[in-house]
Amino acid sequence: MPYRVKVHFKNKYTAVTVTNGYYPYVDINNKKLVNLNVDPGDMFEISVPLIQGAGTVIVYGMDGAAKLRFGYAIPHDSDYDGNIYVPKPAAVSQSDFDKLTEEVNALRERIGP
């Protein structure tokens, strides 16, 4: 059974292609998702086939001169409603976590026991 996925774009990109790695997806409105220009807030809804419970969505695009590739494992990388976001949300780095820990400890010292 296919999985319904909504691909949301947070930034402006050019030459966007949404594919399974072999073939481009076609959205629910029969638009082939190849070489598109997208703006922030654009969304395409696609049907992703699941093979042994997993599917793939790969988004290629350009941000200026930079070539970008975002890969998603479906349903793992989507939320409960089937939404994925481009660019992919970044994981918290160790340095960001350490900085937050320092700020929390500083607040504890100011507030007291």
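This report describes the fold, the strand pairing and the nonpolar core of one protein model.

The model is predicted, so local features require a pLDDT of at least 70 and side-chain atom pairs a pLDDT of 80 or more, whereas totals for chains, interfaces and linings use all residues. Residues are numbered from 1 along each chain as its sequence is written, and side-chain values use heavy atoms, with hydrogens and water left out.

**Overall form**

The protein contains one helix and seven strands, where helices (H or I, at least four residues) and strands (E, at least two) are DSSP runs numbered from the N terminus. Their order from the N terminus is β-β-β-β-β-β-β-α. The radius of gyration is 18 Å, while a compact globule of 113 residues would have a value near 13 Å; the radius is taken over C-alpha atoms, and the globule rule is 2.2 Å times the number of residues to the power 0.38. Along the principal axes, the C-alpha atoms fill a box of roughly 60 × 35 × 20 Å. Of the 113 residues, 27% are buried, buried being under 20% relative accessible area, exposed over 50% and partly exposed in between, with a 1.4 Å probe and protein chains only. Among contacts (heavy atoms within 4.5 Å) between residues at least 6 apart in sequence, 55% join residues at least 24 apart.

Three strands form an open sheet with mixed pairing, in the order 4-1-7. Strand 4 (43-48) and strand 7 (83-86) are the edge strands, each with a single partner, so one side of each has no neighbour in the sheet. From one strand to the next, the twist averages 25°; axes are lines fitted to C-alpha atoms, for helices over the stretch in contact, and angles run from 0 to 180 degrees between N-to-C directions. Strands count as paired if DSSP finds at least two bridges between them. The two pairings are set out below.

| Pair | Sense | Bridges | Facing residues |
|---|---|---|---|
| Strand 1 and strand 4 | antiparallel | six | Val7 and Phe44 |
| Strand 1 and strand 7 | parallel | four | Phe9 and Val86 |

**The nonpolar core**

In soluble globular proteins, nonpolar side chains tend to be buried together. A nonpolar core is here a set of buried Ala, Val, Leu, Ile, Met, Phe, Trp, Tyr and Cys residues joined through side-chain atoms within 4.5 Å. The largest such core has 20 residues, of which Phe9, Val18, Ile46, Val57 and Val59 touch the most other members. Two or more residues come from each of strands 1, 2, 3 (36-38), 4, 5 (55-63), 6 (66-74) and 7. Setting aside residues up to four places away in sequence, the contacts of Val59 include Val7, Phe9, Val18, Phe70 and Val86.

**Thr17 and Ile58**

Thr17 belongs to strand 2 (residues 13-19). A polar atom of its side chain lies 3.2 Å from the backbone nitrogen of Asn35. With residues up to four places away in sequence left out, Thr17 touches residues including Leu33, Asn35, Ile58 and Val59.

Ile58 lies in strand 5 and counts as buried because its relative accessibility is 8%. Beyond four places in sequence, Ile58 touches Thr17, Asn20, Gly21 and Phe70, among others.

Terms used
A polar contact is a pair of N or O atoms within 3.5 Å; within protein, one must be able to donate a hydrogen and the other to accept it, and residues adjacent in sequence count only if both atoms are side-chain atoms.
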